[in-house]
Amino acid sequence: MFEYHSDDIRFREVWILLRQTDGVDLDRAQRMLDECRERDGEWRYVQAAVFYYRSWFLECKRQLKKAMKLDPENEIYRSAYNDLIAMADAAKLEGNGLPEEKHWYNGCGEACCDCCSELC
């Protein structure tokens with residue numbers, strides 16, 4: 001779903017961490033992102049990838065929406081967003097609800113609740 005597509009050195013090491021096959025250090029990847037001052041579309045896309053690998057799909061969706069808003073012509077952001085929505089739709093068709101619904105993290109540490117779902 002997520003692909004490394006730029007030469008932006010701010011994110012090179014984050015992508016290396018996300019591609020590791022022997023265990024991804026998501027906390028380290030997040031710390032590297034947190035150190036970035038500029039939160040442009042590329043940053044939002046990479047942040048969405050970290051959230052995706054954490055299985056925090058709601059937060060992933062939010063970051064992808066922000067990335068698309070900041071760079072509406074970027075097809076990679078749009079494709080990742082569409083893939084995420086298709087994954088959710090496929091899970092609904094199978095009668096499973098959202099994929100791993102308990103992981104559609106809303107920032108308060110619980111599954112998406114009524115008070116937070118309105119923010120989507």
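1. Among contacts in the protein chain between residues at least 6 apart in sequence, what percentage join residues at least 24 apart? The share is 52%, where contact means heavy atoms within 4.5 Å.

2. The model is predicted: local features need pLDDT of at least 70 and side-chain atom pairs count only at pLDDT 80 or more, while totals for chains, interfaces and linings use all residues. Residues are numbered from 1 along each chain as its sequence is written, and side-chain values use heavy atoms, with hydrogens and water left out.

3. The protein chain contains six helices and zero strands; helices (H or I, at least four residues) and strands (E, at least two) are DSSP runs, numbered from the N terminus.

4. Of the 120 residues in the protein chain, 38% are buried, that is, under 20% relative accessible area (1.4 Å probe, protein chains only).

5. The largest nonpolar core has 27 residues, of which Phe2, Val14, Trp15, Tyr45 and Leu64 touch the most other members. Such a core is a set of buried Ala, Val, Leu, Ile, Met, Phe, Trp, Tyr and Cys residues joined through side-chain atoms within 4.5 Å. Helix 1 (12-18), helix 2 (26-34), helix 3 (41-53), helix 4 (57-70) and helix 5 (75-93) each contribute at least two residues to this core. Helix 3 gives the most, with seven residues.

6. Helix 4 is largely enclosed by the rest of the structure, because 10 of its 14 residues are buried. Its buried residues include Glu59, Lys61 and Arg62 as well as Leu58 and Leu64. Leu64 touches Phe2, Tyr45, Ala48, Tyr77, Ala80, Tyr81 and Leu84, not counting residues up to four places away in sequence.

Technical notes: Buried means under 20% relative accessible area, exposed over 50%, partly exposed in between (1.4 Å probe, protein chains only).
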